[in-house]
Amino acid sequence: MSRRAKPLLQDDSVAKSIPARPRDPAQPNLPFDPMPERIEPCLALLKPVPPKGPDWVFDGYRLAIHIEPKGVRIITRGGHDWTHRFPAIAEATSKLGVGTAILDGEAVVLDEEGRSDFGALQRSLGGRGGKRSSTESVFFAFDLLYFDGHDLSGTELSVRRHLLEGFLDGPTGAIQSSEEVFGDGALLEKACSMGLEGIIAKHRDRPYRSGRTGDWLKIKCLQSESFMIVGYEQSLTARGGLGSLLLAGRKGHDWIYVGSVGTGFNTKDAEYLRKTLDRLKTSKPAVPLKGKNLVFAQPTLIAEIEFRGWTHDGSLSHASYKGLREVQDNAAVFDMSERATL
């Protein structure tokens with residue numbers, strides 16, 4: 001696919017490319033679709049094992065990149081404009097020579113072995129609530145939802161990927177096309193042996209549909225989910241005076257206690273968490289717990305927690321703290337009803 005280096009013209013509120021040659025009357029005159037301000041992301045449904053069959057393909061921060069005649073916008077999963085937080089990605093996108101497009105993908109910071117490191121990404125942005133710009137981030141695009149005046153969300157994934165790879169060539173740079181592979185159980189085993197979090201499976205023949213429709217599936221090695229911090233346990237010996245964080249999942253409008261986590265944070269993390277939770281201190285716990293060393297907090301901070309499974313009494317097994325989720329990332333606290341499907 002040839003690159004479009006010329007700017008687009010506005011006509012009836014729809015961006016169009018300048019034709020390279022007069023239109024052939026024998027060819028259909030395709031309609032142009034208005035470019036949406038935002039498309040709600042398609043989300044992966046958690047499953048315990050990979051799907052089988054040739055219809056499935058397998059592939060930080062979830063982002064959408066809008067390439068518009070007036071410039072580039074980088075939008076978080078929650079709909080916030082974070083263009084200024086990812087300057088290297090924005091600059092690389094502006095050099096693609098594309099008129100209009102919406103790319104779906106993920107910003108990551110890679111470790112020395114080329115693996116995505118969530119903690120490194122958080123640090124590059126200055127931590128939760130930080131204002132730092134991440135110059136180390138790389139955007140891996142895995143979908144193309146809008147291109148050159150045409151809405152592609154109704155077409156099948158295989159077509160969207162073909163168009164995406166037409167202008168995202170080469171394995172280097174701040175914006176790249178994610179690798180797409182075929183496989184099932186063997187692929188998951190390899191991903192786990194490499195220390196990766198897991199894999200995503202996508203149905204090749206499905207359109208792009210917002211929400212958890214089952215068109216995309218998430219299969220994890222170690223489970224990693226978002227939980228609400230509802231307090232902490234004080235300690236005279238632990239770093240920062242923080243023994244462990246008290247965690248809860250959601251069930252309807254209620255909070256369900258899922259245990260505590262006391263590993264994964266260093267002294268600096270512990271001090272920040274304790275000071276922040278002390279400002280959120282409340283005498284009315286979100287979950288029914290008692291203990292003289294427990295400090296309860298308003299359910300405001302969302303933590304990403306890695307764990308191996310669930311105990312018989314509904315607590316997280318071998319839990320480890322990975323970092324706080326940003327409000328702008330629109331992180332969803334784990335729904336306890338999903339445990340029944342795992």
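Visitor: Which residues of helix 1 are buried?
Guide: In helix 1, residues 87-94, the buried ones are Ile89, Ala90, Ala92 and Thr93. Seen down the axis of helix 1, these buried residues fall within an arc of 165 degrees, so they line one face of the helix. The arc is that of the directions from the helix axis to the C-beta atoms. Buried means under 20% relative accessible area, exposed over 50%, and partly exposed in between (1.4 Å probe, protein chains only). Helices (H or I, at least four residues) and strands (E, at least two) are DSSP runs, numbered from the N terminus.

Visitor: What kind of model is this?
Guide: This is a predicted model, where local features need pLDDT of at least 70, side-chain atom pairs count only at pLDDT 80 or more, and totals for chains, interfaces and linings use all residues. Residues are numbered from 1 along each chain as its sequence is written, and side-chain values use heavy atoms, with hydrogens and water left out.

Visitor: What is the average pLDDT of the protein?
Guide: The average is 80, and 77% of the residues score at least 70. pLDDT is the predictor's confidence in each residue, from 0 to 100. Over residues 1-28 pLDDT stays under 50, and the model has 40 contacts for that stretch beyond four places in sequence. Contact means heavy atoms within 4.5 Å.

Visitor: What covers the buried residues of helix 1?
Guide: The cover includes strand 5 (61-68), strand 6 (71-76), strand 7 (101-108), strand 8 (138-147) and strand 10 (175-177).

Visitor: Why is strand 5 called largely enclosed?
Guide: Because 8 of the 8 residues of strand 5 are buried, the strand is largely enclosed by the rest of the structure. Tyr61, Leu63, Ile65 and Ile67 are buried on one side, and Arg62, Ala64, His66 and Glu68 are buried on the other.

Visitor: What makes strand 5 and strand 7 a pair?
Guide: Two strands pair if DSSP finds at least two bridges between them. Strand 5 and strand 7 have 7 bridges, in the antiparallel sense, and Ile65 has Leu103 of strand 7 as its bridge partner. Strand 5 and strand 6 also run antiparallel, joined by 6 bridges. Glu68 stands opposite Gly71 in strand 6, and a hairpin of 2 residues joins strand 5 to strand 6.

Visitor: How do you know that Asp143 counts as buried?
Guide: Asp143 is found in strand 8. Its relative accessibility is 0%, so Asp143 counts as buried.

Visitor: What joins the side chains of Asp143 and Arg160?
Guide: A polar contact of 2.6 Å joins them. The term covers a pair of N or O atoms within 3.5 Å; within protein, one must be able to donate a hydrogen and the other to accept it, and residues adjacent in sequence count only if both atoms are side-chain atoms.

Visitor: Why are the buried residues of helix 5 put on the same side?
Guide: In helix 5, Ala270, Leu273, Thr276 and Leu277 are buried. They cover an arc of only 140 degrees around the axis, so they sit on the same side of helix 5. On the other side, Lys268, Lys275 and Arg279 are exposed. Strand 13 (223-234), strand 14 (242-251) and strand 20 (320-324) are among what covers the buried residues.

Visitor: What caps the N-terminal end of helix 5?
Guide: Asn266 does, with a side-chain oxygen 3.2 Å from the backbone nitrogen of Lys268.

Visitor: Why does Leu247 count as buried?
Guide: Leu247 has its place in strand 14. At 0% relative accessibility, Leu247 therefore counts as buried.

Visitor: Why is His318 called exposed?
Guide: His318 is found in the loop between strand 19 (316-317) and strand 20. Its relative accessibility is 57%, so His318 counts as exposed. His318 has a positive phi of about 50 degrees although it is not a glycine.

Visitor: Does Asp148 count as buried or exposed?
Guide: Asp148 is at 10% relative accessibility and therefore counts as buried. Asp148 is found in the loop between strand 8 and strand 9 (150-151).
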